[in-house]
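Welcome, and please take a moment to turn the model around before reading on. We will walk through it one part at a time.

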Amino acid sequence: MNVLLDNSQLFIDGFKNTGILFIFSAFFSLILGTIVAGMRVSPAPAMRAAGTFYVNSVRNTPLTLILAFFALGYPKLGLPEISFMNAAIVGLSLYTATYVSEAIRSGINTVSVGQSEAARAIGLPFMQTLTLIVLPQAFRSVVPPLFSVFIALLKNTTVAAGFSVLEAGSIRATLSDLGEPLLPGLLWVALIFVLLVLGILSPLQRYLEKKWKVAR
Amino acid sequence: MSAVLFDVPGPKARTRNVYLNTVTVIVVVGIIGFILFRFYESGQFTAQKWEIFTFPRVQEMFLTVIGTTLKAFAVAAVGSLVLGIILAFGRLAEAKWLSLPCYWFTELFRAVPLLILMMIMYYGLPSVGVKGITPFIAVVVGLILYNGSVLAEVFRAGIASLPKGQREAGLAIGLSNGQVLRTILLPQAVRAMLPVIIAQLVVIMKDTALGSLITYNEILYYATFLGSQGQYGSPVVPGLMVAAVIYVGLCLILSGVARYTEFKMSSRVKVVKAKAGIAG
């Protein structure tokens with residue numbers, strides 16, 4: 001208990017930054033993932049190929065390597081400088097977007113064929129079939145897997161600690177510098193994550209799943 | 001499947017598709033070209049930065065670190081499968097004193113970030129006097145605890161997806177609960193869940209890279225080490241490119257196996273597949 005109370009500011013700052021990483025990455029990956037999912041079911045073969053290539057290559061690369069690239073490699077390219085925090089958000093968004101797009105694509109496949117057939121029958125073009133008819137229904141059935149993706153994202157934010165971002169995962173390094181006991185400190189971090197996941201995200205997932213359940 | 005979202009293209013749609021294809025190709029080529037151009041402009045392709053990769057010593061080291069990655073992967077994969085089966089059996093046990101702890105174990109270890117688990121092993125335990133924790137042990141134990149819990153859920157979902165008659169028939173011919181699980185339900189569940197299980201193995205492979213953050217000498221750790229070699233022009237970007245190619249190669253081989261088994265299985269097994277996929 002003492003470790004937590006004596007260093008409460010450190011824990012608050014750390015988890016605040018974890019929250020910022022989580023919210024921004026979730027937001028951007030949701031947008032990018034939806035676009036990629038749309039590309040992968042689009043009528044243009046080149047768009048499908050581009051989407052598939054992106055998903056397959058990024059999903060098979062470790063997140064640690066992607067974040068290492070943005071933290072260590074990017075500054076060498078002579079592009080506008082970005083902070084380690086923003087670099088981590090970019091890396092996490094690009095990585096998580098592939099999982100979001102896979103979840104949404106499988107959701108699109110669960111929408112019954114009659115829906116899109118009806119949409120086409122009344123003359124809607126592809127974009128309107130997708131955005132007005134299929135995606136709104138797909139999003140509902142996608143809530144549970146999407147939440148699993150975001151729970152994984154929350155846990156993945158800790159990887160950014162390896163690349164100079166001050167967040168929950170880097171609390172250990174600071175405690176170590178201060179000479180505080182490490183094990184209790186780390187166990188507190190783990191406990192807070194358990195509370196965030198099992199106490200907030202999982203119940204929210206179950207609630208939304210129940211609320212938006214579609215009868216098919 | 002996805003073809004139902006649009007009609008068979010007529011003359012107008014074909015023209016539009018040609019247009020869309022062209023735009024996509026231009027955009028993709030533009031992005032890749034821009035990245036390569038930036039690499040080129042900032043001197044990432046100069047001979048000086050790649051020279052280090054031509055040394056036999058460095059190439060041998062790459063083989064060594066691929067070996068350490070594969071070693072951690074192999075031990076963790078076997079360990080996770082064993083732990084997953086044990087936990088799944090525990091959760092399905094009749095006795096509450098057995099199923100409840102197993103339930104909490106899986107929930108708990110799925111909620112803690114893997115990196116934090118590894119840190120607890122590597123930094124936390126030695127600080128209270130536990131000796132002999134090498135980075136390898138920390139990486140492997142962390143991977144086993146996390147992925148074992150995830151796989152336990154996969155096995156459980158697989159067993160739950162089997163028709164009820166399987167268990168009832170087993171009990172009816174006088175098998176005990178454990179025998180039914182072991183000899184009837186588990187083999188079928190593993191078959192139904194094989195694609196998900198192998199997908200999880202790919203996750204284990206990728207997560208070995210977390211070991212680089214707790215000084216485990218694997219591919220990424222060595223690549224960033226090479227990147228810090230000032231006398232060879234700090235080849236960070238080339239090092240990471242080499243590491244990325246190795247990782248993607250290793251994971252694609254595993255994913256290929258996954259797709260192949262999925263194809264093989266789907267033509268034979270007619271069990272309703274339960275949904276269980278965890279994003280790494």
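Helices (H or I, at least four residues) and strands (E, at least two) are DSSP runs, numbered from the N terminus. With that in hand, chain A has 9 helices and 0 strands, and along its sequence the pattern reads α-α-α-α-α-α-α-α-α. What you see is a predicted model, in which local features need pLDDT of at least 70, side-chain atom pairs count only at pLDDT 80 or more, and totals for chains, interfaces and linings use all residues. Residues are numbered from 1 along each chain as its sequence is written, while chains are lettered from A and ligands numbered from 1 in the order in which they are written.

Let us stay with chain A. Its C-alpha atoms fill a box of roughly 70 × 45 × 25 Å along the principal axes. A residue is called buried if 20 or more other C-beta atoms lie within 10 Å of its own, exposed if 12 or fewer, and partly exposed in between, with C-beta atoms placed from the backbone. By that rule, 48% of the 216 residues of chain A are buried. Two residues are in contact if their C-beta atoms, placed from the backbone, lie within 7 Å. Among the contacts in chain A with a separation of 6 or more, 74% join residues 24 or more positions apart.

Now find α5(A), which covers residues 84-110. Of its 27 residues, 20 are buried, so this helix is mostly covered.

Where do the two chains meet? The contact takes 52 residues from chain A and 55 residues from chain B. On the side of chain A, α3, α4, α5, α6, α7 and α9 each supply at least two residues, and the largest share, 10 residues, comes from α9(A). This side has 34 nonpolar, 13 polar and 5 charged residues, counting Ala, Val, Leu, Ile, Met, Phe, Trp, Tyr, Cys and Pro as nonpolar, Asp, Glu, Lys and Arg as charged, and the others, Gly among them, as polar.

Look at Ile116(B) next. Leaving aside neighbours within four places in sequence, Ile116(B) is in contact with Thr158(A), Gly169(A), Leu186(A), Val189(A), Ala190(A) and Phe193(A). The predictor gives the complex an ipTM of 0.86 and a pTM of 0.87.

Chain B has its own points of interest. Its helix α1(B), residues 11-41, should span 45 Å, and its end C-alpha atoms are 44 Å apart, which agrees. Because the number buried is 1 of 31 residues, α1(B) lies largely in the open. Just after this helix, Gly43(B) takes a positive phi of about 75°. Most residues other than glycine have a negative phi. Thr215(B), however, has a positive phi of about 60° although it is not a glycine. Thr215(B) sits in the loop between α8 (177-207) and α9 (219-227) of chain B, and is exposed, with 12 other C-beta atoms within 10 Å.

Key. Expected span 1.5 Å × (residues − 1).
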